[in-house]
Amino acid sequence: MIEKSLSENLLLKKITVSELPDFINSAAFKAYSIKPISRLRAESYYKNPRAELNDYVVYTLEYKGNLLAFRTLLPDLVYEKDIKHKFAWCSGSWVHEKQRRKGFSKLILD
């Protein structure tokens, strides 16, 4: 997991496919009142034949240790003739109701 401090109290976390099992069993995940990914979806992401273990699939944004926003991505492939192109579908997005329209979802997407 990569953690990047965006300010004194704002922390961005990036979780890869390989880190999903540990993430959904972590104390931090269990403490979230809103879960950024369900256990079933995490399992499907982990078993996704088009995903690589180092693909980032969950991004969380925390403010003072509390979940402020998240975005989930589903890795996929598209083929153009014999060329394989990797991309990801934006499959989930959430921002705390009191923090919407402040650019947090866009911050995660960027």
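Predicted model: local features only at pLDDT ≥ 70, side-chain atom pairs only at ≥ 80, totals over all residues.

Colleague: Are F23 and F29 buried or exposed?

Modeller: Both F23 and F29 are buried. They also form one aromatic cluster with Y32.

Colleague: And what about Y56 and Y59, how do those planes sit?

Modeller: Their planes are at 50 degrees and the ring centres 6.3 Å apart, so the pair counts as tilted. Y59 is buried, at 15% relative accessible area. Y56 is partly exposed, at 27%.

Colleague: Switching to charges. Which ring has K14 over it?

Modeller: That is Y56. The charged end of K14 is 4.7 Å from the ring centre.

Colleague: Where does K35 lie?

Modeller: K35 lies over the face of F29, 5.2 Å from the ring centre.

Colleague: Now backbone. What is phi of K81?

Modeller: It is near 60 degrees, a positive value in a residue other than glycine. K81 is in the loop between strand 4 (66–80) and strand 5 (83–95).

Colleague: Why does K81 count as exposed?

Modeller: Its relative accessible area is 81%, and exposed means over 50%.

Colleague: And R101, where is that found?

Modeller: R101 is in the loop between strand 5 and helix 4 (104–109). Its phi is positive too, near 70 degrees. R101 is exposed, at 85% relative accessible area.

Methods:
Residues numbered from 1 in each chain as written. Heavy atoms only, no water. Buried < 20%, exposed > 50% of the residue type's maximum accessible area, 1.4 Å probe, protein only. Phe/Tyr/Trp six-rings, centres within 6.5 Å; stacked < 30°, edge-to-face > 60°. Lys NZ or Arg CZ within 6 Å of the ring centre and 35° of its normal. Helix = DSSP H or I, 4+ residues; strand = E, 2+ residues; numbered from the N terminus.
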